[in-house]
Amino acid sequence: MIHAIPAPFDVYRGRVRPEWIDHNGHMNMGYYLVVFDLATDEFFSWIGLGEAHRRSRRVTTFSLETHVTYHLEVREGDPLRFTTRLIAYDAQRLHYFHEMWHAEAGYLAATNELMSLHVSLDTRRAASMAPEILDRLGTILAAHQKLPLPAQAGRSIGLSKRPGPP
């Protein structure tokens, strides 16, 4: 039986916790990475890289790079919805992109673009993913490549080329 691949993956939900609020009355920037990491856990479980796989194969993933963009603030108790799309992969790396939405108001609150490395726990070095994971990633990528690339994907940080103050 063939199951449809959700494009984007749209399963993880959360809520802004009181301990995540900073002196500005909104979610502190550090907790964006925490909640995006929870969304990553859900995504990885769906693609087959969940806890049971990691334990049985003695593998894990390490984050190589992450970019967060902040769009509109979220406050204590706000419900959150996360969508995730696979942008690219190879035998050892995953490039994926999360969007954090306010689950009731519907606005984009933040994005998180990541590159993760698949690692052997025995050697602490890059390791190829299992063939069944690579096959699943191919199926997912075929579905997710039909989506437009998010405007925030591939961004870099920097000031404009205009001269600074005199």
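The accessible surface of the chain amounts to about 9,800 Å², and carbon and sulfur atoms contribute 54% of that area. The model is a predicted one, and within it buried residues account for 37% of the 166 residues in the chain. The C-alpha atoms occupy a box of roughly 55 × 40 × 35 Å along the principal axes.

**Fold and contacts**
- The chain contains 3 helices and 5 strands, which follow the order β-α-α-β-β-β-β-α from the N terminus on.
- Of the contacts in the chain with a separation of 6 or more, 71% are between residues 24 or more positions apart.

**Aromatic pairs**
- Across the whole structure, a search returns 10 aromatic pairs.
- In one of them, the ring centres of F36 and F82 are 5.7 Å apart with the planes at 85°, so this pair counts as edge-to-face.
- Because F36 belongs to helix α1 (residues 29–47) and F82 to strand β3 (residues 79–89), the pair ties together parts that are 46 residues apart in sequence; both F36 and F82 are buried.
- F43 and F44 make a tilted aromatic pair, with 6.2 Å from centre to centre and 40° between the planes.
- F43 counts as buried because its relative accessibility is 0%, and F44, at 5% relative accessibility, counts as buried as well.
- A cluster made up of F9, F43, F44, W46 and Y96 is linked by ring pairs.

**Charges**
- Over the ring of W46 sits the charged end of R136, at 4.7 Å from the ring centre.
- The chain carries 18 positive and 18 negative side chains, and the centres of these two sets are 5 Å apart.

Notes
Residues numbered from 1 in each chain as written. Predicted model: local features only at pLDDT ≥ 70, side-chain atom pairs only at ≥ 80, totals over all residues. Heavy atoms only, no water. Phe/Tyr/Trp six-rings, centres within 6.5 Å; stacked < 30°, edge-to-face > 60°. Helix = DSSP H or I, 4+ residues; strand = E, 2+ residues; numbered from the N terminus. Buried < 20%, exposed > 50% of the residue type's maximum accessible area, 1.4 Å probe, protein only. Lys NZ or Arg CZ within 6 Å of the ring centre and 35° of its normal. Contact = heavy atoms within 4.5 Å. Areas by Shrake-Rupley, 256 points an atom, 1.4 Å probe, with all protein chains shown as cover. Lys, Arg positive; Asp, Glu negative; His and termini not counted. Charge placed at Lys NZ, Arg CZ, Asp CG, Glu CD.
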